[in-house]
Amino acid sequence: MPSSLSTHKVSVARALCAAFALLFVLAQPAAAQLSFNPTAESVHEDQLLKALKEGDKITGRISIPDAMAASLIQPAGRDWRDFQRSKMPIIGGITIIGMLAVLLIFLAVRGRIRIHQGWAGTKILRFASFERFTHWLTASCFIVLALSGLNISFGRILILPLFGPQAFSTLSAYGKLAHNYLAFPFMLGLVIMFLIWVKDNIPGKIDLEWFKQGGGLLTNGKHPPSPRFNAGQKGIFWVVILGGAVMSVSGWFELFPYLPGDVTTMQIWTVIHAVMAMLLIAAMMAHIYIGSIGMEGAFDAMGTGEVDLNWAKEHHSLWVQEELAKGTVPAADTPRAVPAE
Amino acid sequence: MKSFVAALLFSAIAAVGVSMVLSTIQQPSSVAFTTGGARVGDPGNNLVGPS
């Protein structure tokens, strides 16, 4: 009997094992039919993000005051980050280095634009002190804004490897402060600049002639007649005013986040700000070039405010006629130190 | 030259003035975007509280 009982127990045990084995075998196909394990799959961020469509967001429920913190994942942010990290440096690099190359080629081919008739020895007031103040207010702020802004786009690539993380962090932190707060005097400068110079920068028929003759930049000693501002200067004026306005509005939205809308709108404005900044920097490089080494006698206009009469006659003949009619131009034999060249 | 120096001085003074005005009307993010229960010691400098 004990033997029969033992045999029975063994049989029951075998039956149970067989049942478990069968259950296991049957269960395998069922498990294989599951496309993913939700718990394991949640760590695969790439698959999760790919599954989200354009504009989708993963949101949660929060109790802190910042309601926008409920957005946990916004896939469009990856596109924005990719643009900032990869495309923006390329766009900026091509724009700025391209402009630098153009200016160097122009200098090599055309050379410095000289005063064809030589120095007259007589000066004429071109810009009053308040005009020069406004120019330098806007220009000095722009240079700091441009450098600190370029650090945002290129600093990781160019500055960080040279100076290391600590120096780069300190530089970037102070650069950001300067960028934030110098934006305000820059915007003020733009407004004043617009008010004092807009009347002289309205495009007219005379500007077409300037363009037809290439502004006199391409041929030696040949200058189209121009009023106080020639067509090229008018172009720079409107680039600064309109480009500066776009920079100001987009910058204002970055200074005061979420003013224009949600995070997606913010990202669009940061892209506009960055692209316009690169274009404006390139335009200002050309402006700085022609106002300094590119053209003899040009810097005096914003340096001392007075330019040589011959320079004025060559580049702004119509304006000189107006000043002569007003009687504001000094006699031609007024003593003046002539630079030795 | 005087106009240039005056412009530099004005821009620096204006920037400092703006920073002072904005700091009086704006809250730091550690205050604006959190409740009292979530704030840490020395916010802005220490995210984990006193060691």
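The largest nonpolar core of this predicted model contains 26 residues. Within this core, Leu182(A) and Phe186(A) have the most contacts. Several elements give two or more residues to the core: α5, α6 (160–197) and α9 (263–290) of chain A, together with α1 (2–25) of chain B. The greatest share comes from α6(A), which gives 8 residues.

Leaving aside residues up to four places away in sequence, Phe186(A) touches Thr138(A), Cys141(A), Phe142(A) and Leu145(A).

The next topic is the packing of two helices in chain A. Two packed helices are described by the angle between their axes and the distance between the axes. Helix α4 (residues 76–110) of chain A packs against helix α5 (residues 129–158) of chain A at an angle of about 100°, and their axes are 10 Å apart. Angles of 65 to 115 degrees count as roughly perpendicular, and α4(A) and α5(A) are therefore described as roughly perpendicular to each other. On the α4(A) side, the contact is made by Met88(A), Pro89(A) and Gly92(A); on the α5(A) side, it is made by Ser153(A), Phe154(A) and Ile157(A). Sorted by class, the residues of this contact are 4 nonpolar and 2 polar, with no charged residues.

Chain B can now be considered as a whole. Its secondary structure consists of 2 helices and 0 strands. Of the 51 residues in chain B, 8% are buried. Where the two chains meet, 15 residues of chain B are in contact with 16 residues of chain A. The side of chain B that touches chain A is made up of 10 nonpolar and 5 polar residues, with no charged ones.

A last point concerns the backbone of a single residue. Most residues other than glycine have a negative phi. Tyr258(A), however, has a positive phi of about 70° although it is not a glycine. Tyr258(A) lies in the loop between α8 (231–255) and α9 of chain A.

Technical notes: Residues numbered from 1 in each chain as written. Chains lettered and ligands numbered in written order. Predicted model: local features only at pLDDT ≥ 70, side-chain atom pairs only at ≥ 80, totals over all residues. Contact = placed C-beta atoms within 7 Å. Nonpolar A, V, L, I, M, F, W, Y, C, P; charged D, E, K, R; others polar. Axes fitted to C-alpha atoms, helices over the stretch in contact; angles between N-to-C directions. Helix = DSSP H or I, 4+ residues; strand = E, 2+ residues; numbered from the N terminus. Parallel < 35°, antiparallel > 145°, perpendicular 65-115°, else oblique. Core = buried A, V, L, I, M, F, W, Y, C linked by C-beta atoms within 7 Å. Buried ≥ 20, exposed ≤ 12 C-beta atoms within 10 Å, placed from the backbone.
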